[in-house]
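Let us walk through this structure step by step.

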Amino acid sequence: MMFFSSRIKLNQSKSLIAATCVGAALLLGSCGSTPTQQNASDFELSSNNIDSYLEEASTLPITERIIRQLNAAEFLFKQGQIDRCHTLLDSIEQSKTNENQYLRLTLLKSAVALKDGEPYLAQRYLFDAKLDQNVDTQYSELRIKLLDQRATLMFDQDNYIRAFEQRIALGLLLKTDDERAQLNHDLLWEYLAELDESELTRLSQEETNQVKAGWYSLAALSKRNAANYRQQIQEIQQWQMNWPTHPANQLLPADLIVILQLADQQVQQIAVLLPLSGKLESLGKAIQEGLLAAYYNDLQTSPLTPELRFFDSNTDDITALYDKAVAEGAELIIGPLSKKQILSLSNYPERKVTTLALNTASKEPLKTNVNEQRENSLGERPTEFNPAQSETTVTSDPASTEQEAASTARLYQFSLAIEDEAEQIAKRVWRDGHRQGLIITPNNSWGKRGADTFSSQWQALDGNILGQETYKEQRAYSKLIESAVAVDQSKARHQQMQRLLKQKLEFEPRKRKDIDFIFLLARPTQARQLLPLLSYHYAGDIPVYASSQVYEGKSSKKLSDLNGLRFSSMPWLLDNTIKEQQDIAQNGANLAALQQLYALGVDAYHIYPRLEQLKNIPQAQFYGSTGKLSINSDLRIIRQQNFGEIKNGRAIELKTETNAHQ
């Protein structure tokens, strides 16, 4: 299922006014037909004249004085002079403001609070009961800004229902020919996308307001048919017949418009290029198993499924195999898996059909490291695959830049890259209130990529990395943890004091006090050794966040060693209701280490009909087994995963509390 989504939380929220007032630095400024707030004698504010502007204001009647103070405060905010803006806002006689001025003052106070990192103070301002009394329709644009900011703030706090309700109210103020009305529906649809299908169904049945009930019903049926776009189209059309006067029928969310338009543009034959022999055979066959599980599930509900043909990509000439598949009737290619082969196809000028590659072609030279896949001390193969690790170095010709740009127009790239996870984990850690942490990763390229991405995102959020440690040999784990949390320094100080005083002192080692989280990259066996060592070294109370590789989808007694660990995870590993997962468990090999690859195959099949939809609506999302999927401007599929936690030896999903903070 796909929803229009603008979601990049933590300082990148999308709002209605920001989207329509191009170039505006602040949602409070004039937009469209907003009445001008300056007196006719006022001049354009600048850093040079703002002092004289305010000095003159002190001699004016109270109404004009407040207008000037508000104008000046908005200017200071736009210029980033937040402290001075604070001071000016505090000087405004709030009791003397009229309704319009009070609304402007409130909007600005909330914006300043958000700038100061105080969202709940901003919420208190925006939901002041006085704002909903005696609404002055003369200033409807300010009212639009208020509802828009309320909705955006509630969305950022994961309070999706309350955000949805603000956009319903906002819709009543917008005319259908206003471009913001369509965007408002798209954002409203995004909020509903965050709710579970079961919750949407319940809300549609219990809601007495018909406008809300209709939206809930439409979202529920869309999410219910996530993996079956044909059924989704039929139910959307039926919904339109059942709700002829509903606002969504007048302005259907953008992604639903596109899917209805693409209904007759699906392919008849798909060629799948996977390594079905050679050193990557196990990876290729796991993806094949996922693809087939999704295909046969689709076949049970629709006779219109495409023909699926498999080709062994264990060849030195991927372009020849590609041409062969197209010559035999393929209208779409899924694969290959190898980075080297994807890079070859990206530079191939004769590529004629849409291609969904199952990895990413690195922009940097691919480096040889034959043994890195099995370099951990226990001989355990990592669940994150990287075919480039067993391939020779490949570089692209700089002279082919233009040709490559043209040829990649139909090349989509879908991978399980650690970079996507690391960035998302950083945002989650920040939202959980942590600010200073350590990074612990394996001493290999996978660990380096994850650490670099996390560190970059964390610094962008203005967080602080206190240190970074890498591990390789099991025998060094204890020393690594002891050093990371500075217990070794505590012991050294104790020994020094004993030498100075020449007597034995009672002593309990202490960890450093400034660490409030640890970001860990590890596989299950490694994590089960590293986490207990934190407790052993007096640091068991530090929250630990890990990537999805730490959990393979099986609960066992061994998981008790990971109690308290939070980790990003595919829905595939936390949701036992996925039909394809059940089929593979019953009929396939169902190996723990290959679970992510099964899910990749399932999503590759489900997402192919929606590629154009995702491309045409860049911020749309598809809710799949590997996560929430979207496509960026480079035609790379971006995954946003769920979060889980180990409690009492079991992995549980961390559900979003949609009605929190009401």
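Helices α7 and α8 cross in a left-handed way (the near helix is turned anticlockwise from the far one by less than a right angle; clockwise would be right-handed). Helices here are DSSP runs of H or I with at least four residues, strands are E runs of at least two, and both are numbered from the N terminus. This is a predicted model, in which local features need pLDDT of at least 70, side-chain atom pairs count only at pLDDT 80 or more, and totals for chains, interfaces and linings use all residues. Residues are numbered from 1 along each chain as its sequence is written, and side-chain values use heavy atoms, with hydrogens and water left out.

Two packed helices are described by the angle between their axes and the distance between the axes. Helix α7 covers residues 140-156 and helix α8 covers residues 160-171. Their angle is about 165°, and their axes lie 7 Å apart. Axes are lines fitted to C-alpha atoms, for helices over the stretch in contact, and angles run from 0 to 180 degrees between N-to-C directions. The pair is therefore roughly antiparallel (over 145 degrees; under 35 is roughly parallel, 65 to 115 roughly perpendicular, the rest oblique).

Which residues meet? From α7 they include Ile 144, Leu 147 and Phe 155; from α8 they include Tyr 160, Ala 163 and Leu 170. Contact means heavy atoms within 4.5 Å. The residues of this contact divide into nine nonpolar, two polar and four charged. Nonpolar covers Ala, Val, Leu, Ile, Met, Phe, Trp, Tyr, Cys and Pro; charged covers Asp, Glu, Lys and Arg; the others, Gly among them, are polar.

Now look at the largest nonpolar core, with 72 residues. Such a core is a set of buried Ala, Val, Leu, Ile, Met, Phe, Trp, Tyr and Cys residues joined through side-chain atoms within 4.5 Å. Buried means under 20% relative accessible area, exposed over 50%, partly exposed in between (1.4 Å probe, protein chains only). Ile 334, Leu 356, Leu 358 and Trp 572 have the most contacts inside this core. Helix α26 (residues 595-607) gives the most to it, with eight residues. Apart from this core lies another, of 42 residues, including Leu 107 and Trp 239.

Phe 75 sits in helix α3 (residues 62-78). Phe 75 is buried, at 13% relative accessible area.

Finally, the whole protein. It has 27 helices and 16 strands. Of its 662 residues, 55% are buried.
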